Amino acid sequence: MTYTEEQNHFFEELYTELEKAMKPEGASLERVDVPKNNTVQEGISIRFEGQPISPAVYPSQFYRDFQNGVSVEEIVFYIKDGLESQRITKNRIMELNHDNAPHYLRSAIVSYEGNREWLKDVPHERVADLALYAKWDFGGGYSAKVTNPLLAHLQMTKEELLRTAKGNMAMQARLRTMKDALIARAVQGGMSEELTEEMRDQLPDIPFYVLNVNGGIDGAALVADPSVMRKAGRDLGEGFYILPSSVHEVLIVPKSTGAKAEELRDMVYRIDRQEVPIEERLSDNVYEFDGHALTLAGQTETLERELPGLAAMHRKR
């Protein structure tokens with residue numbers, strides 16, 4: 001990635017000041033290229049000797065603040081305060097162990113082809129053209145990929161790791177109408193109760209559903225959990241298509257809408273290019289669930305054929 005002279009100067013100054021601030025904590029710093037979803041981002045790794053993971057800071061996330069007049073010293077204070085408030089420090093990292101894992105693991109999903117290089121060092125499972133992996137969630141937006149060395153440190157098998165991570169995400173799953181999801185976002189954005197009611201009256205009933213998790217992060221990973229997909233089928237009472245809105249959520253489109261897989265693929269491709277940042281982009285494909293696993297739409301039996309009772313349930317409503 002190419003940066004301007006001003007950006008490079010900011011990154012260097014941030015590194016120098018952060019190094020001074022973290023040295024008393026027993027940390028050393030290193031500039032690293034961190035693989036992210038579909039991209040590589042320049043970061044500053046904060047290393048504690050002998051520990052299985054290293055928190056990373058991304059200077060590009062703070063550059064706009066710097067442009068708006070926030071000093072490097074203030075940014076460093078914010079970073080250090082955030083690490084300490086979430087306890088992502090040497091003491092917290094030392095607490096990573098097998099017994100704690102069920103409380104802190106969650107799953108995430110990315111496209112396989114776009115991320116296959118860094119996935120070599122991360123325990124994962126293939127799901128159609130995607131790959132599911134696990135994260136250790138520190139809270140407050142801080143997390144770390146579970147790499148092979150961390151897996152060994154946790155004394156877990158790959159299967160145990162991913163099963164636990166998926167189970168934790170499944171407990172947070174929520175399926176809502178598109179209308180309800182849009183209204184919830186408006187409320188989170190500070191919209192008044194009066195305007196919210198007006199919005200509810202004016203919005204049409206869109207025949208799409210939003211599947212994500214509480215907190216809104218990495219919710220698309222739910223598509224890798226057959227129990228979540230089966231429940232979605234029971235709730236809808238019919239077969240459905242799955243549209244990867246982003247790594248954080250998917251759209252569920254009931255087949256009774258008459259939508260065709262090819263038309264939906266065109267829509268996903270267009271929206272991905274126009275509205276979804278590359279680091280949040282999941283796939284341009286459309287999926288189905290065959291009763292056992294996620295599949296590319298149109299290539300295997302549909303959910304209605306695999307679970308014939310669901311269509312009948314829908315007609316009885």
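Which helix lies across S1, S2 and S3, and at about what angle to S1 does it run? In this predicted model, the answer is helix H1 (residues 5-22), which lies across S1, S2 and S3 and runs at about 135 degrees to S1. The protein as a whole contains 14 helices and 13 strands, and 44% of its 317 residues count as buried. Among the contacts in the protein with a separation of 6 or more, 61% are accounted for by residues 24 or more positions apart.

**The sheet of S1, S2 and S3**

- The three strands form an open sheet in the order S1-S2-S3, with antiparallel pairing, and the edge strands, each of which pairs on one side only, are strand S1 (27-36) and strand S3 (56-57).
- Strand S2 (residues 39-48) is joined to S1 by 10 bridges, and these two strands run antiparallel.
- Within this pairing, arginine 31 has isoleucine 44 of S2 as its bridge partner, while valine 32 stands opposite glycine 43, also in S2.
- The hairpin of S1 and S2 has two residues between the strands, and in this hairpin asparagine 38 takes a positive phi near 65 degrees.
- On the other pairing, S2 and S3 are held in the antiparallel sense over two bridges, and isoleucine 44 has valine 57 as its bridge partner in S3.

**Aspartate 33 in strand S1**

- Aspartate 33 lies in strand S1, and at 60% relative accessibility it counts as exposed, because the cut-off for that class is over 50%.
- When its neighbours within four places in sequence are left aside, aspartate 33 is in contact with Val40, Gln41 and Glu42.
- The C-alpha atoms of aspartate 33 and tyrosine 58 are separated by 9.8 Å, although these two residues stand 25 residues apart along the chain.

**Packing of H1 with H2**

- Two packed helices are described by the angle between their axes and the distance between the axes.
- For H1 and helix H2 (residues 60-67), the packing angle is about 105 degrees and the axes are 10 Å apart.
- Because angles of 65 to 115 degrees count as roughly perpendicular, H1 and H2 are roughly perpendicular to each other.
- In this contact, Glu6, Gln7, Phe10 and Phe11 of H1 meet Ser60, Phe62, Tyr63, Phe66 and Gln67 of H2, and by class the residues of the contact divide into five nonpolar, three polar and one charged.

**Packing of H9 with H10**

- Helix H9 (residues 178-188) and helix H10 (residues 193-202) have axes that come within 10 Å and cross at roughly 160 degrees.
- Because angles over 145 degrees count as roughly antiparallel, H9 and H10 are roughly antiparallel to each other, and their crossing is right-handed.
- The residues that meet here are Lys179, Asp180, Leu182, Ile183, Ala186 and Val187 in H9 and Thr196, Met199 and Arg200 in H10, which by class give the contact five nonpolar, one polar and three charged residues.

**Positive phi at two loop residues**

- Alanine 128, which lies in the loop between strand S5 (124-127) and strand S6 (130-139), has a positive phi of about 55 degrees although it is not a glycine.
- Alanine 128 counts as partly exposed, because its relative accessibility is 30% and that class lies between the cut-offs of 20% and 50%.
- Aspartate 218, found in the loop between strand S9 (209-213) and helix H11 (226-236), also has a positive phi, of about 65 degrees, although it is not a glycine.
- Aspartate 218 is buried, because its relative accessible area of 5% is under the cut-off of 20%.

Notes:
Residues numbered from 1 in each chain as written. Predicted model: local features only at pLDDT ≥ 70, side-chain atom pairs only at ≥ 80, totals over all residues. Heavy atoms only, no water. Helix = DSSP H or I, 4+ residues; strand = E, 2+ residues; numbered from the N terminus. Buried < 20%, exposed > 50% of the residue type's maximum accessible area, 1.4 Å probe, protein only. Pairing = 2+ DSSP bridges. Contact = heavy atoms within 4.5 Å. Axes fitted to C-alpha atoms, helices over the stretch in contact; angles between N-to-C directions. Parallel < 35°, antiparallel > 145°, perpendicular 65-115°, else oblique. Left-handed = near helix turned anticlockwise from the far one by under 90°. Nonpolar A, V, L, I, M, F, W, Y, C, P; charged D, E, K, R; others polar.
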